[in-house]
Each structure stands twice: as C-alpha cells, then as structure tokens.
Amino acid sequence: MATQTHMHGRIGESIKRKEDGRFIRGKGNYLDDIELPGMLHMAILRSPHAHARIKSVDTAAASGMPGVIAVVTGELMAQHKLAWMPTLSYDTQAVLATDKVRFQGQEVAAVIADTKYQAEDARDAIVVEYDVLPAVTSPQQAKEAGATLIRDDKENQKDNHIYHWEAGDQATTQAAFAKADKVVRLHTFYPRCHPAPLETCGCIADVNGATGKATVYMTSQAPHAIRTVFALVTGLPEQNIRVISPDIGGGFGNKVPVYPGYVVATAASLLIGRPVKWVEDRSENLISTGFARDFHMTGDLALDKNGKMLALRVHLDSDNGAFFADAQPTKFKAGLFHIVTGSYDIPTAHVTADGYYTNKAPGGVAYRCSFRVTEASYLIERLVSNAAIELGMDQAELRMKNFIQPEQFPYRSATGWVYDSGDYPKAMNVALEQLGYAELRKDVGARRQKGEVTGIGVASFTEVVGAGHGADFDILGLRMFDSAELRVHPTGKALLRMGTKSQGQGHETTFAQIVTEELGIPAADVAVEEGDTDTAPYGLGTYASRSTPVAGAATAMVARKLREKARTIAAHLLEAAEEDLEWDTGRFYVKGSPDKAKTIQEIAFAAYTNVPEGMEAGLEGVHYYDPPNMTYPFGTYAVVVDVDKGTGQVKVRRVVAVDDCGVRINPMIVEGQIHGGLAEGYGIAFMQLITFDAEGNCIGSNFMDYLLPTAWETPQFELGETVTPSPHHPLGAKGVGESPTVGSPAAYVNAVIDALSPYGVTNIDMPVTSDKVWAALRAAGVTE
Amino acid sequence: MKVAMKVNGAERSGDVEPRVLLVDFLRTNLRLTGTHVGCDTSSCGACTVLLDAEPVKSCTVLAVQAEGRSITTVEGLAQGANLSPIQVGFHEEHGLQCGFCTPGMMLVGASLLERNAKPTEEEIRWAISGNICRCTGYMNIVKAIKHAAMLRAAADAESPGRPTVAAATAGGE
Ligand code: FES
Ligand code: FES
C-alpha cells in the first residue's frame, strides 16, 4: 500500500485563512466601498413616534434643496403598488408608510441626492404632521381588552394577536404532571437585543434602463433568496435581477431579511435611471432592522423525588413588533423553539406559543442562532439549574442523571425532533475535569463561609442546525437545500462556487479544505466564490449554522462526483481497469504498483486534452444537497463568577467551553467562531438590551445606550472539545457558529443565580446588570 | 474650502465643505476605503486612523482639522509588498473574521507597540478597548498584537534603529 501523501490543507488542519490578505491591507470590498459611475445617495426619513396617524407629508422644501434629484413618499410608492411588501412570515410590511406609523424608526419618506450630505440635509427638511396614538410596547399590553389595534390595515385583524402555535402532547404531559413529586417553575423574559454587526446594512441598486437589468449590491446573507423575493415583489423577470453580496462586515442574522430601504432604492434607480446607494447609519440599524429574542417564557419541569425528569410544559408570549416579519422556516411559527427539551430524556412535553403585534420594530431574526433555539436552550438550562437548587442536588449531577444516553441515538424527542448523534455525559465530564469542578465546589463553599458571593454555572446545550431537509424547512416555499459548483481547470486549479455567503466565517478557506480532502487539490489552488447570483449556483444562504452542514456537504458530494470521473480518466491514461485503481489523496495508482499513478492535475489536464472515447470533456460539476436531517451540535459550558456585595458587580472569573460540533474542518476557524460567540453570549447575558419607554421610544438606539462588550469586559475563554460525528453528513461535520451564543447565556446567568442562591434568589432577567444584582442582594437583606 | 495633509507619506489635498468628516474625506475624496464606519458616534473604533502617530476616531475629526498634519491609514501599514508586523500578527493568529474592525484594531495595535514594545495582556486589552469587534471575542486579537510585538523584537535584534510605521509614513517618499 502506498502511504498517504501529505497534502497541505486537508480536513483537521488549521491552515491560515486565504481571505485575510485583502482585509489586512484595507482592500476588502464592502458595500459602502463600492462606487459606481453616476451614483446617487439615498437617505430615509423615519418616524419619531411609535404609533401615529400620518396627516400630511410636505416635501416641497426638501425637493428644492441643492443636489436633490427626487423625494419619494409612501404615496408615490403606492402609485407603483410598492407601498407594502410581503414578509418572510407571510405578513405584509410597509415599505414607506401611507396610513400610520407603527414603530419608532419606521420608514416614511426618502430623499435621493447627489451626495450623502445633501440627501441627509433634504431629509431633515421634509415636514410630516402626525396624530399620535397610544403605543403598545409588550405582549401583556397587546392582549389587554381594549388595547389599541395596531394592524388596522388588515381586514380581518380584530386584535393584536398574530398566531397560536403548539407542539408536543398536552394530555400525556398533564398526566405526568399529576404524578410528579416536584414541579419547578421558571418565569423569565429573554429581552430584545440586536445582532449589531459592525457593518450596518445597505445596498446599491443599479437598474439599467436600456437592458432592463437590475443589479443590486446588497449586504445580504442570502442573495439568491433575495433575488427571488425581489422578482416576486417587483414583478421584474428573475433573469434580469442580479444580487451581489460583496464582502460582509458581520451578519449574525441581521442581514437575512429584505428591508424597505432596499425596495425604495431599487424603485428609485428604476425611475431615475441611475445607481442609488443606501447605507443605514448605526441608529437606523438598531431601531429598524431585524432584532432578536423578545420572548416571555414560563417553564414548568416535573420531576420525581429522585430528580428524574418526567415532563416539561412551556408557554411563551412572543413580541413580534409591528409586522410579523420573522425570518424562519414557514412551518414553524415560533421557529425551532420546540427543541426546548434540550439534552434531556424527558418522556413528554407540551409547548404553546402566542405571537403579538406591538409598536416596536419588526423582524425577529435568528441572532447567531438557529431560529429561536437560543431562547429554548436558555429556558431549559436555567430551569434545570433552578431544579437542582430546589431539590438540593448538584446541577451537574442532575444533568447527568437525565441526559439522553449515547446509545439512545438517533433519539426522537417528545416534541418530534430526531437527534442525530451525541455523547452528552462525555462532554460534561470533559468540562468538569477541565474546570476542576469538584475542587472549585469546595472552594465556593469555603468562600461563602467567609461571606463572599460566588458561584458556578453549568449549561449543557443541544443545538439544532443545518436546515433543511427541504420537505420540512423552507423560506417562502423555497426548500432549504444548498449547493456547490466545482470546476477543475486544465492546469489542475479549481474554482468552487456556492449558494452560501460568508460574513467572516472563513468560507474561502474551510470549503477549499473540503476540496483538498476529497480531490487532493491543495487548498491554495482552490478559489472559493460566493454571493453573485449570476454566477453562483442557487442556495438559501448563510445563517442558522447551515453552511458547513448543507453547502459543505454539497461541496464534498460534488468533489466526489468529479473524483469518479477522474477515476475513469485515470484508468484510460494508465491503461488499467477502473476497479484496479486506488485513490490516495491527490492521485490514482494501480493496486500493487504505487509508481503507476496519475495525479489529479494530470487527470484534469487530460479531461480537456485526452478523454476516453465517448466521454464528455471537462472536469466540472454541481451538486444540490438536501440534508436528510438537521445536525445536533452540543456541549457543556461552565462559568465561575464572583459578585461584589457592595456594588452588585459580577466578575466572570473563568469560562470553560467544551463543544462537540462533530468533525472540525479547520480547528482554528472553529475556535475563532466559539470565541466570538462566547463574547456575544457574555454581552447578551450582561449588557446588550434594546428596550422601550411607555411611549415606545427605543432605548438602545446607539452604541452609547446599546452596550457591546469590548476587550476590557470580555473574559478569557478556555476551550475543550469532544468529537461525535454526524452520521448523516458526508464529512461528519455539524456546524458551530452559533453554539456558543446558544449555550453560554444560560451558563453565565446560572453562575450568578448559583452565587445568589444562598439568599433565595431564583431569577434575574437578562441583561444581568449590577443594579439588578445589587437590588436582589438588598432585597435579601444583604448589606455592606 | 481647500484642505491639504500628508496621507500615508504622500501630500494629498481636496476641496471640502468645512463640515466634512475626516473619514468621509479619506473614503470619498481619496478613495481610501480601508477606513470603515461602524457607528459615527465615536463608539466603535472602525474608523480609527493615526493622526500624527496618535490613534483618533476619524468619524469625530473634521477633515479641516487635519490640515497640514500627517495621517496613517491601514493602506499605509505595509511597505510595498512587505506586510508590517501587526498585519502578519493578525493573519498568523487568526485575529480577524469579517475584517471590518481590523484596520482600526491594527492601527491601535501598531501605535501601542510604538509606545510599549512588550505590552502585557492587560495593557493590550486596555489599548483596544475603544475598538469593538463583533466577531472574534478579542482573544486572538490580543494574541495577534503579542505576535507583532515578538516580530518587532526579532527584527530589532537583527537591525536596530529601524524606522517606525508612523515615522516612515510621516517622512514621505
Ligand atoms: S465609526 Fe468612528 S467610532 Fe464608530
Ligand atoms: S472581525 Fe468582524 S468585527 Fe472584528
């Protein structure tokens, strides 16, 4: 047997990123860096009120200002049947308001001018008269009898209720609760936060009047889906629409939806015949684009006296804002929230959810999250830790006792999910070991004796990522498959194009490595392109940790197709039978005579110069991959905190994160993703809050009010891993980008609650700020 | 009004309104788009440039305030094809993901190393605390700056008296 050739960049190797070169030279090509000849600039006028009837919009003064080309109002959009657009959740959303404004920051009018400064000046000269209406700022208010009707534009809408949704089995759950020794309840609010990628959203619409071709550069995580939505909204033929996502400065779910600004800029370019650029500023980003969470959740966990979990009952009220514009698979009204039984073998569960309109920004997005799994994981992990405290059990031990066991996979959960693989006790053990849990527990005890407030939090999350399969998961009917097209050139270099879109995840490196693994072409020789709908194969985009599970699988599959063709060519070149050939990364050789071999580069050349009789020339292919199931990454996170009794300040002393995301393609990139998610989880747990006053004014509309973690607050992270491959993914990979934001908030908060548990504290809603901790300590009679 | 300054070692000038921000002058007039805008309220540091070798947030400086002064942007870090130690550090230690914060982070890091050749973890974290990164969780950014410190120390050991980034770009060609 020939020994394996060493090939640079195979799976499991932490090669440096191929995309870095342009970014470290300041030569990235982000949306706002693009300048087209004759380009105009657009600024949007937004509502200062959360709820008001529009009496008049006076654009006369604005229209006459220097550089102004056009002022666009809702009325003008209505003349073109574009004042409203469909949302990703089968609702409608105002593009520019015509009747009422329904949230602060809603789009009212737009100015197109020669420069950005001129557009903003004229925007400020538009005069709008409003009749202010009472604002509804929570689901509790929304469902009150006599609450102001927000969506009076919808014919059959008589109240502010959007949907009711259920999963699981009510009868068996009730029966199990009746027999329980112990029921633990947690009511907690997962507040609204915002993904706030460092680059805001924007577009440049360039409609060519002569050809009818509309090219739209857009900060989009899902350019193909956007193209189809645009075709449906505008009526333009789809082949005349080209969406290009250039380099993206972070997305985290915020860049999945279609925003009104995109539609207005495209309509303006169509009418004016010149390119129109719109880039929102930070406040616009925070007050009007896709928010996250805003779930009011109540969970009841039934246990027997030994701590065995019997049943779970959950109700949630979802605050969806003024338009139901959640970006999630069509079938599931509350996303994938019903994964809420988490890592535990809970025989029965019942989940109910109700969505409500409020006078807040619309568009619940999966912020570094697979469609509401973050809220679900937070609830169950908090609930289990609280149960441990109430039962007087250790929180790790209670988890161990109830984990789904390795031999139970594939495991069907009480709400219908089929978990692909896992070894939860192992991940827990690695985390406890790495933390030195037993010793630390003793240390916590000793410190508490001395009057210190300190605690350890554990969370053992299970994620559900990698949508589809297409039969169950779709966006507006588009099945959630993904794609890869691979072209191997005559010189043996390759071009890989995909339907996904990197926003910093390192696709240009990771996916090249998959080609290296499967075809033996060095990663350096594989160019990866995404984001141009005229050239890339159709795909549903990058969010919900789906790129590696879906497009990564497509890449492996297309490379394998080409390898089979390469085998036929090699047999022809070597004058051997195909079945006598062995594959050794990068070459085929004749069994028993390793010197009789053809490299993939030689084979690629032959594919264009010397193919066997009757074979099509070329070495190219495309694969559309519809996964048979989701993947289920998991892990255990453990956090140690110290609380200052005098100020309520929480200091995170340690964070240990053990992740199992199956096979890791580039471990360096995987770890980078985990670091980033743990920092965002820290921000969500302690800092990041979008809230509203009684009038519906958004508090958190800039980075001075919406606090993001800097290097100063962010703790150090200690990572660990276990590897349980996905049995159905061609490479065994599961996806990782979101695990740390899904798993860590509960670990951080559990640590604080553990620290405060001696004082009877069972809940503090996020963000866990010093003032809340201080108040909880004072309420418990702690002074100092 | 007319404004003239030295940018990455070259004399540059333009005609701008007095209210034009330095970041807009760099990005729009000079087409140096490596300097980014993340917030325009001095909160994120994406727009950081060096003004006479000191990091400033160019969204909060008027172009006219830079009159006659010397600016270094990310485009001025490399000397031709040769990357500067800070750029090498970010690449080697995976100090960037989406790359949007990276120019600002690198300039702050480079200026820290001019003042403090061997900063501690804490000193680095404090120095970059005016710059937000949404992707990396900062661990690898800290490592990247340490890596650059190591490269500079190694280069100094070989050829003492090497000119600094800011001095090189301030000096002109
Ligand atoms: S853009 Fe200047 S600090 Fe954010
Ligand atoms: S790398 Fe994306 S913001 Fe820092």
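Reader: What is a polar contact here?

Author: A polar contact is a pair of N or O atoms within 3.5 Å; within protein, one must be able to donate a hydrogen and the other to accept it. This is a predicted model. Between chain A and chain B, 28 residue pairs are in polar contact, both partners at pLDDT 80 or more.

Reader: Which elements of chain A supply that side?

Author: Three helices of chain A give two or more residues each to the side that touches chain B: helix 1 (20-24), helix 4 (116-123) and helix 17 (667-686). Helix 17 gives the most, with eight residues. By class, this side of chain A has 22 nonpolar, 14 polar and 15 charged residues.

Reader: How many residues are in contact across the two chains?

Author: Take each chain in turn. Chain A brings 51 residues into contact with 48 residues of chain B.

Reader: And how much area is buried between them?

Author: About 4,300 Å² is buried between chain A and chain B. Carbon and sulfur atoms give 56% of that area. In chain A, the residues that lose the most area to chain B are A:Ile24, A:Tyr117 and A:Leu198. Together they make up 19% of what that side buries.

Reader: How do I read a salt bridge, and how many lie between the chains?

Author: Look for a side-chain nitrogen of Lys or Arg within 4 Å of a carboxyl oxygen of Asp or Glu. Six salt bridges lie between chain A and chain B. One of the pairs is B:Arg27 with A:Asp32, where the closest N and O atoms are 3.5 Å apart. Over all chains, the count is 68.

Reader: Which residues does A:Asp91 pair with?

Author: A:Asp91 forms a salt bridge with A:Lys154, at 2.9 Å from N to O. The pair links distant parts of the chain, 63 residues apart. A:Asp91 sits in the loop between strand 4 (84-86) and strand 5 (92-94) of chain A. A:Lys154 sits in the loop between helix 5 (139-142) and strand 9 (161-168) of chain A.

Reader: Now the pockets. What space lies in the largest pocket?

Author: A pocket is an open set of grid points, so read its volume together with its lining. The largest pocket holds about 1,000 Å³ of space. It has 48 lining residues, and the closest to its centre are A:Asp32, A:Lys116, A:Tyr117, B:Asp24 and B:Thr28. Two of these names have come up already: A:Asp32 in the salt bridge with B:Arg27, and A:Tyr117 among the residues that lose the most area to chain B.

Reader: Which elements supply the lining of the largest pocket?

Author: Strand 1 (40-46), helix 4, strand 14 (276-279) and helix 9 (282-288) of chain A each supply at least two residues, as does helix 1 (22-29) of chain B. By class, the lining has 18 nonpolar, eleven polar and 19 charged residues.

Reader: What is the volume of the second largest pocket?

Author: About 540 Å³. Its lining has 19 residues, and the closest to the centre are A:Lys651, A:Tyr682, A:Trp712, A:Glu713 and A:Thr714. Strand 31 (650-660) and helix 17 of chain A give two or more residues each, as does helix 4 (121-127) of chain B. The lining divides into eight nonpolar, six polar and five charged residues.

Reader: How many cavities does the structure hold?

Author: In a cavity, a 1.4 Å probe fits but cannot get out. The structure holds ten cavities of 30 Å³ or more. The largest cavity has a volume of about 470 Å³. Of its 35 lining residues, the closest to the centre are A:Gln505, A:Ser545, A:Gln673, A:Val736 and A:Gly737. Helix 14 (507-519), helix 15 (547-574) and helix 17 of chain A each supply at least two residues. The lining has 13 nonpolar, 18 polar and four charged residues.

Technical notes. Residues numbered from 1 in each chain as written. Chains lettered and ligands numbered in written order. Predicted model: local features only at pLDDT ≥ 70, side-chain atom pairs only at ≥ 80, totals over all residues. Heavy atoms only, no water. Contact = heavy atoms within 4.5 Å. Buried area = accessible area lost by both parts, 1.4 Å probe. Polar contact = N/O pair within 3.5 Å; in protein donor to acceptor, adjacent residues only side chain to side chain. Helix = DSSP H or I, 4+ residues; strand = E, 2+ residues; numbered from the N terminus. Nonpolar A, V, L, I, M, F, W, Y, C, P; charged D, E, K, R; others polar. 1 Å grid on protein atoms, 1.4 Å probe; cavity = no way out; pocket = protein on both sides within 12 Å on 5 of 7 lines; lining within 4 Å. Points joined across faces, edges and corners; volume = space filled by probe spheres on them.
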